Amino acid sequence: MSNTSSVSSAVSRHDIDIFGISKLIWQGRRLILLLGTLFGLSAYAYTRLVTSEYKVTSVLRPVALNALDALNRSGVYTLPPDKALTRVGSALESYGVRSGFIRANQALFSNVQRPGVTMEQSCESLIRSSLKVITSAPKKGGFSSALIHLELSYPEGVGGARILNSFVEYAIEVERKKIEADLNIIIENRLAELGDSIDAARAEYDVSKQARIAILLENDAVQRSQLQDELVALRKQLRAGRMDRIAQLKEAIDIAQSLGIQKPTTPSGVAESFRAGEGPTMYTEINNQQIPLYFMGVEILEAERSVLLKRNSDDFTEARIAQIEREMWMLQNNREVEVLERRENEEVFLSGVQPIRAEIARLGKVGSLEFSSIQLVSVDRKALEPLGPIKPKKNLLVLLGVVFGTATGALIVLIRNSMAARRVESLGGG
């Protein structure tokens, strides 16, 4: 009893007696060990009952520039590596992409369903609450590039690494299909625009061809009309000349008859006939004018007049008439018009369409680009199965339980001895 009192008095003093406390704890070691063991076992039981939680991570980086070279060199769609990474990151955060992944991969979430909720709701809750997408920009002046960190926390029994890797592949494929669809739409619109340009060139060619044919035919018609007018005028001129000639012949015949000139003669010959019976006379005739027509004599003039009256056409008397008829015959068929109308492959005559056709051929090759071989991002680190859970920390919890139980036991021992010392003091005072 004296020993207990001395220890209690040591505890109650302001100066803590470490030796006394240690002695008290040693005396109550069974209780302390018991509580430490009980708390340790309780912590261990808790770690056995609670569901373990694991975490896997994955890292995405921008691809090398040459990985997107085939797409960027198309001249239709430009996608730098950083932008491709950003687009994939947006797809990873998209609710629609996540829902689509869940619907397309129900087998991966076979151990996720919770009681009272549907499979899709359980999967959505897991992806929404446990998947983190962390984007880090490149540091200024450093060598690091933009990164996307993915973290997925999941309960025991779920293939988290497989889910995360499959989700990354799914998001990349979704974005790749979007880019392919965008490229195809751009190409279709561009091809439609180029097709409209070719149609416009074809319409312009048709109009110019018809205009050329119309101009040629119009020119031929004008030339024919002009030649026809010339022919009519020339024939009227010839007929008028023939009628004038007949009138001249009639007048000459009358004069010749009045002079009694039946045969062709000359002025000197006529003079001799009038001086018949006179002595011989010598005449010299100097005449630089044309001899009048009636000197031809009635017989010749009658003969010419009779022929002229019987003539049906004067065409043979003018060489220009034959030339006009030749030219009019040539104008009956325009060979250039015939060639233009007989063209079969008129596409080769379209002007300015060669560059358009070359662009159409180039876009056709771009449209056949194999998108499955295009790498949008580089998976720097794939998700791997973790070596241990992140919660609970079993060894730490057991250790904390033992420590807490031991501390609780020591505290109980000290409190109990302190209360016993106070009772002894109160009894001694009484």
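Predicted model: local features only at pLDDT ≥ 70, side-chain atom pairs only at ≥ 80, totals over all residues.

Visitor: Which residues of α10 are buried?

Guide: Val298, Leu301 and Leu308 are the buried residues of α10. They cover an arc of only 100 degrees around the axis, which puts them on the same side of α10.

Visitor: And what do the buried residues of α10 pack against?

Guide: Their packing partner is α8, residues 160-259.

Visitor: Which exposed residues are on the face turned away from the buried side of α10?

Guide: That face of α10 carries Val307 and Lys310, both exposed.

Visitor: Let us turn to α11. Why does the span of helix α11 agree with its 12 residues?

Guide: At 1.5 Å a residue, the 12 residues of α11 (319-330) should span 16 Å, and the end C-alpha atoms are 17 Å apart, which agrees.

Visitor: Which residues are buried there in α11?

Guide: In α11, Ile321, Ile324 and Met328 are buried. Viewed down the axis of α11, these residues fall within an arc of 60 degrees, so they line one face of the helix.

Visitor: What is exposed on the other side of α11?

Guide: On that other side, Ala319, Ala322, Arg326 and Trp329 are exposed.

Visitor: Against what do the buried residues of α11 pack?

Guide: The buried residues of α11 pack against α8. The buried residues of α10 also pack against α8.

Technical notes: Residues numbered from 1 in each chain as written. Heavy atoms only, no water. Buried < 20%, exposed > 50% of the residue type's maximum accessible area, 1.4 Å probe, protein only. Helix = DSSP H or I, 4+ residues; strand = E, 2+ residues; numbered from the N terminus. Arc of directions from axis to C-beta. Contact = heavy atoms within 4.5 Å. Expected span 1.5 Å × (residues − 1).
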